[in-house]
Structure formats: C-alpha cells, structure tokens
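Could you walk me through this protein model, starting with the ligand and then moving out to the strands and a few single residues?

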Amino acid sequence: MLARIRSAAVLGIDAYPVDVEVDIGNGMPSFSTVGLPHGAVKEGRERVSAALTNAGFEFPLRRITVNLAPADIRKDGSALDLPIALGLLVASGQLPEAGLQDTMVLGEIGLEGDLRPVRGSLSMALAARAAGCTRLLLPADNLPEAGVVAELEVRGARTLAEVCAHLAGGKPLPEARVDVGRLMGCRPPDSVDFVDVRGQAGAKRALEVAAAGGHNILLIGAPGSGKTMLARRLPTILPSMDLEEALETTRIHSVAGTLQAGQSLCAARPFRAPHHTVSDAGLIGGGSPPRPGEVSLAHGGVLFLDELPEFRRNVLEVLRQPLEDGVVTLSRAALSLSYPARFILAAAMNPCPCGYHGDPAHACRCGPLDVERYRSRVSGPLLDRIDIHLEVPTVPYADLVGLGTAEPSAVIRARVERARAVQRQRFRGHRGVHANAHMSARDLRRWCAVSEPVEGLLRNAVNRLGLSARAYHRVLKIARTIADLDGAGAIEPSHVSEAIQYRSLDRKKAAA
Ligand SMILES: Nc1ncnc2c1ncn2[C@@H]1O[C@H](COP(=O)(O)OP(=O)(O)OP(=O)(O)O)[C@@H](O)[C@H]1O
Ligand SMILES: [Mg+2]
C-alpha cells in the first residue's frame, strides 16, 4: 500500500512543497526515511511511532519506507511529523485518503499524539497556495500566523486524533479567522514616545531626518545624556508598514521562532538591541540550518547597537555586507541561504573611555591617545556607512524641569510619512530602492542634481573636511531627505549645510 501526503519544508524564509510518500511492504519490520532527512526530520520517526501507539492507532509492524520528494533537497525541521503519521495511517488502511485531496499538512507530533507548533508556518502556507492546494491542516497554535494567507482554508488541531476525526468525516476542525485588514489598519500602540524626551531639539531633528530617509545614525554623548532613550524612540516615528513589508518581516520572525504566541503579523516595526557580547553568528545569522540573526530580525525596523566601541571588531565588520546590500548571505557546505536585512542602524557611544570628552560640565580624564584609541575601535569603513553622526549634549536643567511640552511621536511621524510619500513617488518602479538612503551613486546623479551655489558649498566642504567619496554621497543623500521633509523640489544651500552638520566625526578629523 502506498500513500502520498502533501507537505512543505522551509529554506531560508521561503518554503517549497514536499511530497511525503509512505510505502508499507512485506518484509522484516523496519522504518526508513529517504530523501535527505536531517536533524529533526530523522528523529521524527521515533516520535511518530510512539504517537501512533499512544493515540490508540496501530503501528504497522512491516517494512515501512518514507520518501520525501524532491529527494535532492536537504530537509530539516519537525513539520513533516504529521504528514508522515497520516501517510502511515492511510497506507495501513486506518484512515480514508479522500479528505486529503488538495490539502497540505504540517505539524510536529509529541509522544502522546499532541500537535506542537512549527517554525515557518506562514512561509509554508504561502507555498501551499502557490502549489495549488486549497486547504491547510496544521497545529492549532500556528492558526493565527498561517491564517493570514488569503484564498486558503486553514484549519488547526490540537491532537492527531482530532485530525483523524476531521478527515474521517467526524467533528470538523476550527478554521482560522484572521482579519488582515483590521490588523494592518490600526497601528499597534508604542510603549515609548518622544513626548517623554525633554529638550534635545537638535537630536530629535536628526532622528526625524534619519527616519524620513532611512539613514543610519550614530549618537555620541556623555553618560546619561539620553542616547539610549532617544534611539529607543526611533521606531515610533517610522512610517507604518504596508502588508508586503509586514509579511516579509513576519516570515523572518516565524522562521526564527521569535513570534509571540497568538501573534499573526509583525505589524509594528522591530527594534532589536543585541548586547555587545553578541557573536557574529548571533548578529548576522548562523547555525545549521542557518537561522536569521539580529540584522534580519531587525528587517524593516531598527537595529540598535548601544555602546558601539564595546562590540568585538570582527562582529562589527560582518555588518558591512548587510548595510550595503540589505541582505545577508550565509554560505554553509552544500547550502547557501539569503535572509533580508534592511534596517536603520542606530548606534550609540561615549566620546571617550570616561565619557565626558567635550562636556562643558565635567572634566575629561582621558589623554588624547586614549580618546583616539577608543574611537578607532569602530572601524573607518563602518563609520563611513553611517550617514548621520550626532553629538547629543547633556540636557540643561532648565529644559529638564521646564513646563513646555515636547512634540509627541505621532506629530513627527506625520512629517516623516509625508517625506516618505515623496520618495515612494520618486522611486516608483525602481527595485530595491525605497528611501533616499538606498540610492546608488548613479541614482544620486539623477535625483540629487544641485545648482551652482550649492555645488560651491559642497566643493568647499569636501576640500576642507577631507570627505571621502562615500561621505560626500552621504551628505547629498541627507540633503535630499531634508529637502523632502521641507517639501522642496530642489536641494537648497540650507539643506546642504544642515546635512554637513551631521558629519561631525569628519569635521573633527579635519580639525585635528
Ligand atoms: N532629554 C531628556 N528628557 C527626559 N529624561 C531624560 C533626558 N535625557 C536623559 N533622561 C533621563 O536620563 C536617563 C538616562 O538616559 P540614557 O540611558 O538614555 O543615557 P545614555 O546617554 O544612554 O547614557 P550611557 O552613555 O550611560 O548609556 C533616562 O532614562 C531618562 O530618565
Ligand atoms: Mg545608554
């Protein structure tokens, strides 16, 4: 007897259909799985045999062969447990095959026949629809996530027995009900707000510019000046995600297993703040099979590296590729995977080891060499990729206790949304470019053309500050964003001079 059940396996953030073929033949009792099973798939054999017996079914004591087609792609994960169990039941005549037409099945099985959630169920639901399946059966805990996919009947079960009862025409399983329109329609409330930050007008403006153009930003300031506080509020002024972005971010979190129980979509932009002891695999992804790292979990949102010089140098160096390309490629023997990783990098550091270099209220105890050594822990190429360098001054007492109210995040966000709308219009039909920060050198010539007086201002700055070619391009990009915030078509001298303000480390270097 032969049974064929449709299922899927995850590769990166995409999934591909897998046919689980189960054959029960005569011969010595055995159970073999072929088709490049790895890790959890191999172990599934033991779970399935125990679960069938414990759930009151008969485990066929014959020669069992399970084939996972396509046979040449390596399969990992526990989602194939349930299809293998159903295949065994169908092949041994304990379950009718009729209910499984056009149906994809996924799920991990416990020893008692209970179903446990699997990673990547959203990607697999999308694969089910793409493969022409009309129904999906999976663990009930995955319903909120997989139920997001339209035009697919998604049903969830708690136990193997429930699945069998449903398929045999007994009690039907509950269907997923996810209102995607409502989920996307209301922005989830943020736990922090710019209203709490007193004073710091300059820093807030710089963060607004960073949010409006998708620019990376480095905050430099004394201890307690509010760098961490400011950076944490950056996601609150980023524009809301559209459905496509939310699906992509959700797929990454689903594969990584970082979705909260019951969460359907990541509709809020992520804010990831890895500790400075993070390993390079933790930051860009790794393991076997390679799982997404912090840069991918921050996709669509903010990656915040607090105390930047404390990060190990090799860890920071691996950031260079995702910062440039918006993806990370993880190559392992026989397998190369790419995960999206487009985020705004926000970093914070003290100006020197003691923290008070340049602070008017405190004497700095560091020698010039200490300061130099401290800063050189962050490599030049990384600094060059950060568009905005911002010095955060300590808030004056009067500002801290003053009665004036600060602008709430929603007001700032409205301006950011307007500037982003201009950029969407500009980059329409331009793949991979969503914001000014993503422009290539060629795009700059097209969209950041400047008039004669602005040209002169720039020439002066490049010569005086010794800007690198990349830094020069960054100034142009920031100027474009400032002009967009201003609602101006052409880049004006005031935009460029504000942009040059945001290259404070370059200015320092030139002065030294
Ligand atoms: N502008 C401000 N308005 C209101 N409170 C502030 C402001 N700046 C700082 N604070 C208060 O000071 C605390 C410390 O700020 P924060 O942790 O952001 O400092 P930091 O610059 O990150 O310091 P460190 O360099 O030590 O990490 C905040 O939690 C907040 O309570
Ligand atoms: Mg801090």
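A residue counts as near a molecule or strand if one of its heavy atoms lies within 4 Å of it. With that in hand, look at ligand 1: 16 residues surround it, and the closest are Arg-198, Gly-224, Lys-227, Thr-228 and Met-229. A bit of housekeeping: this is a predicted model, where local features need pLDDT of at least 70 and side-chain atom pairs count only at pLDDT 80 or more, while totals for chains, interfaces and linings use all residues. Residues are numbered from 1 along each chain as its sequence is written, chains are lettered from A and ligands numbered from 1 in the order in which they are written, and side-chain values use heavy atoms, with hydrogens and water left out.

What kinds of residues make up the shell around ligand 1? There are six nonpolar, six polar and four charged ones. Here Ala, Val, Leu, Ile, Met, Phe, Trp, Tyr, Cys and Pro count as nonpolar, Asp, Glu, Lys and Arg as charged, and the others, Gly among them, as polar. Helix 8 (residues 227–232) gives the most to this shell, with three residues. Helices (H or I, at least four residues) and strands (E, at least two) are DSSP runs, numbered from the N terminus.

Now for the polar contacts, meaning pairs of N or O atoms within 3.5 Å; within protein, one must be able to donate a hydrogen and the other to accept it, and residues adjacent in sequence count only if both atoms are side-chain atoms. A polar side-chain atom of Lys-227 sits 2.7 Å from an oxygen atom of ligand 1. On its own, ligand 1 would expose 640 Å², and the protein buries 67% of that. Such areas come from the Shrake-Rupley method with a 1.4 Å probe; for residues, only the protein chains shown count as cover.

Let's zoom out. The protein has 22 helices and 18 strands, and its C-alpha atoms fill a box of roughly 85 × 45 × 45 Å, taken along the principal axes. Of its 512 residues, 50% are buried. Buried means under 20% relative accessible area, exposed means over 50%, and partly exposed is in between (1.4 Å probe, protein chains only).

Next, find the open sheet of five strands, with the order 11-14-17-10-18 and parallel pairing. Its edge strands are strand 11 (271–272) and strand 18, each pairing on one side only. Two strands pair if DSSP finds at least two bridges between them. Strand 17 (residues 344–349) pairs with strand 10 (residues 217–221) in the parallel sense over four bridges, and four bridges also join it to strand 14 (residues 302–305), again running parallel. Ala-347 in strand 17 stands opposite Leu-218 and is also the bridge partner of Leu-305. How many of strand 17's six residues are buried? Six of the six are. Both faces are covered, with Ile-344, Ala-346 and Ala-348 on one side and Leu-345, Ala-347 and Met-349 on the other.

In the loop between strand 17 and helix 14 (368–375) you'll find Pro-351, which counts as buried at 6% relative accessibility. The C-alpha atoms of Pro-351 and Arg-375 are separated by 7.5 Å, although the two residues are 24 apart along the chain.

Strand 8 (residues 135–139) is another one to look at: it is largely enclosed by the rest of the structure, because four of its five residues are buried. It pairs in the parallel sense with strand 5 (residues 103–105) over three bridges, and five bridges join it to strand 9 (residues 153–157), also parallel. Arg-135 takes part in both pairings, as the bridge partner of Thr-103 and opposite Glu-153.

Finally, the cysteines. A disulfide is a pair of cysteine sulfur atoms within 2.5 Å, and a search of the whole structure finds zero of them. For Cys-164, the nearest cysteine sulfur, that of Cys-133, is 19 Å away.
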